[in-house]
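Subject: Structure for you to look at

Hello,

Here is the structure I said I would pass on. Please open it first, then read the notes below with it in view.

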Amino acid sequence: MLLAELLRQISGIHTDGFPDVEVNSVTADSRRVEPGAVFVAIRGSAEDGHDYLKQAEQAGAAAAVGQRPAPGLGIPYLQSADSRLAYAQLAAVWHGHPARNLTMVGVTGTDGKTTTANLLFEILRSAGVRSGLISTVKAQIDEQELDTGLHVTTPDPMDLQALLAQMVAAGLTHCVLEVTSHGLAQHRVAACEFDIGVITNITHEHLDFHGSYEAYREAKGSLFRGLSASPRKQGGLEKLAVLNIDDQAFGYLEQMTTARQVTYGFDPAADFAATDLQAGPEGIRFGLAAHSRAWGIRSPLLGTHNASNVLAAVAAAVEGLGVEMASVVEAVPSFSGVPGRMEFIEMGQPFRAIVDFAHTPNALKNALETARTLTDGRVIAVFGSAGLRDRAKRRMMAEVSAELADLTVLTAEDPRTEPLESILAEMAAGAISKSGREGQTFWRVPDRGEALRFAVREARPGDVVVSCGKGHEQSMCFGEIEYPWDDRVAMRAALAEHLGVEGPQVPVLPTRPA
């Protein structure tokens with residue numbers, strides 16, 4: 001592709017006086033620059049891509065894009081008002097604007113977005129709609145499943161647009177995309193041209209990155225503002241915002257967009273309203289009032305909070321995508337959930353063992369309240385809080401567990417370059433503030449494998465042990481190294497050791513006692 005062709009549809013780039021050159025790739029990673037590449041210099045939290053412009057030139061880059069004034073390179077340098085936005089737009093152009101050939105559904109929120117996105121995808125597939133999915137857990141194109149990374153929900157723009165292009169090439173017509181606040185704030189999804197935006201909730205999370213709840217809310221809200229800003233696709237759907245009427249951010253979000261809106265929730269005023277909710281070990285049941293009619297909804301998903309996720313998916317499918325309610329009612333019971341979300345681990349033990357992804361105060365609250373409904377015995381919680389992330393969560397999550405769990409085991413969860421002992425000390429202070437007693441109601445066990453072993457040994461028949469924070473993830477970060485780790489494997493291993501039966505080995509972390 002010629003550089004002029006690549007740049008023709010990119011806003012905010014000054015191109016006067018540069019020679020046209022042949023381009024064969026686009027990247028924001030200086031290590032991936034090859035002869036003929038366009039290198040986009042992006043300011044990151046740790047490093048600044050502008051510092052690598054000379055390196056990119058020496059590696060054979062055909063041109064570079066950045067926000068700083070011209071750095072005196074021997075290759076064309078294109079200054080942009082926002083190089084992150086330019087990168088997303090370049091990625092879309094490079095892959096042929098695939099989102100313009102798909103009905104794009106963006107699902108965002110603090111908690112529940114992965115479950116909602118996956119359920120909506122399954123509803124569409126059950127209804128015969130050729131759909132793709134990009135979520136925290138996986139990307140799915142027809143029957144092909146692809147890994148979407150270790151700790152990244154919304155992929156890099158070039159990777160994201162490549163996935164969308166694969167969907168178009170496969171003949172798919174719809175894509176359900178899980179969207180994070182980081183992905184929105186960093187313009188990773190800027191060229192996705194969403195037709196429908198879905199919000200689950202906005203609670204405390206990522207304040208380390210955004211700085212305040214208001215800024216975090218603004219990032220989430222930009223998905224809905226974008227519905228108004230982008231034109232309706234030729235022959236496409238009317239833009240639609242699917243909003244949670246029960247959430248504290250509802251009033252804010254409904255002012256963010258002029259797109260058509262549909263609401264869901266437990267409030268009788270919602271367009272899709274839940275009534276008579278029942279939750280137990282077999283899942284949830286509730287009545288659904290919508291379009292002046294009533295339906296019965298049954299789902300094997302655990303916990304009252306999942307009723308909201310089901311409502312969000314149903315509202316998007318029926319109101320936004322035209323799926324018949326009868327088809328939805330039939331599809332919902334067949335969706336058993338997402339790996340690592342309230343997933344039962346069975347090794348023949350006389351108590352329940354669960355792995356869940358809950359890594360925010362609200363999600364932990366939901367997980368522990370759900371665990372309480374599964375037993376007349378005790379709830380034993382195992383979790384940590386990530387390093388180099390929102391510090392306020394550490395205390396808050398420990399406070400939640402001190403109030404809702406009978407026993408709490410504080411342990412590692414991606415400490416990164418922070419001292420794990422310091423993270424656990426902050427968490428312990430939160431537990432103590434809610435009358436937790438160290439050595440009696442809560443413990444600090446730095447090694448996560450040992451923490452699971454401890455929790456399993458403490459469990460009595462009828463109890464529930466729930467390990468939160470890692471869910472489906474396949475690694476844990478210490479320093480700058482990702483060590484293999486799967487909570488589900490580790491839980492099976494701890495149970496097998498306790499029961500004296502054959503099972504997997506507990507993965508080894510650098511915190512493992514000698």
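**A buried threonine**

Thr360 sits in the loop that runs between β18 (352-356) and α12 (361-372). Please keep in mind that this is a predicted model. Is Thr360 buried or exposed? Its relative accessibility is 0%, and Thr360 therefore counts as buried, the cut-off being under 20%. Met397 is 37 residues away from Thr360 in sequence, while their C-alpha atoms are 7.0 Å apart in space.

**The chain as a whole**

The protein chain has 16 helices and 24 strands. Its radius of gyration is 24 Å, close to the 24 Å given by the globule rule for 514 residues, so the chain is as compact as a globular protein of that length. The C-alpha trace spans about 75 × 60 × 40 Å along its principal axes.

Of the 514 residues, 57% are buried. Among contacts with a separation of 6 or more, 65% are between residues 24 or more positions apart. The accessible surface comes to about 20,400 Å², and carbon and sulfur atoms account for 48% of it. As for charge, there are 45 positive and 63 negative side chains, and the centres of these two sets lie 2 Å apart.

To find the pair on screen, look for Phe383, which stands opposite Leu410 in β20.

**Two residues with positive phi**

Most residues other than glycine have a negative phi. Arg416 is not a glycine, yet it has a positive phi of about 55°. Arg416 lies in the loop between β20 and α14 (420-433). Ser435, also a residue other than glycine, has a positive phi near 70°, and its place is in the loop between α14 and β21.

What is the relative accessible area of Arg416? It is 14%, and Arg416 is buried. Ser435 has a relative accessibility of 57% and counts as exposed.

**A covered helix**

Helix α15 (residues 448-458) is mostly covered, with eight of its 11 residues buried. The buried ones are Arg448, Gly449, Ala451, Leu452, Arg453, Phe454, Ala455 and Val456.

**Two hairpins**

Strands β15 (residues 283-290) and β16 (residues 293-299) run antiparallel and are joined by seven bridges. Ile284 is opposite Ser299 in β16. The two strands form a hairpin with two residues between them, and His291 in the turn has a positive phi of about 55°.

Strands β23 (residues 475-478) and β24 (residues 481-484) also run antiparallel, with four bridges joining them. Here Cys477 stands opposite Glu482 in β24. This hairpin too has two residues between its strands, and Gly479 takes a positive phi near 65°.

**A buried proline**

Pro98 is in the loop between α3 (83-94) and β6 (103-108). With a relative accessible area of 3%, Pro98 is buried. Which residues is Pro98 in contact with, leaving aside its neighbours within four places in sequence? They are Ala92, Gln161, Leu164, Ala165 and Val168. Ala37 is 61 residues from Pro98 in sequence, and the two are 21 Å apart in space, C-alpha to C-alpha.

Regards

Note on methods: Residues numbered from 1 in each chain as written. Predicted model: local features only at pLDDT ≥ 70, side-chain atom pairs only at ≥ 80, totals over all residues. Heavy atoms only, no water. Rg over C-alpha atoms; globule rule 2.2 N^0.38 Å. Buried < 20%, exposed > 50% of the residue type's maximum accessible area, 1.4 Å probe, protein only. Contact = heavy atoms within 4.5 Å. Areas by Shrake-Rupley, 256 points an atom, 1.4 Å probe, with all protein chains shown as cover. Lys, Arg positive; Asp, Glu negative; His and termini not counted. Charge placed at Lys NZ, Arg CZ, Asp CG, Glu CD. Pairing = 2+ DSSP bridges.
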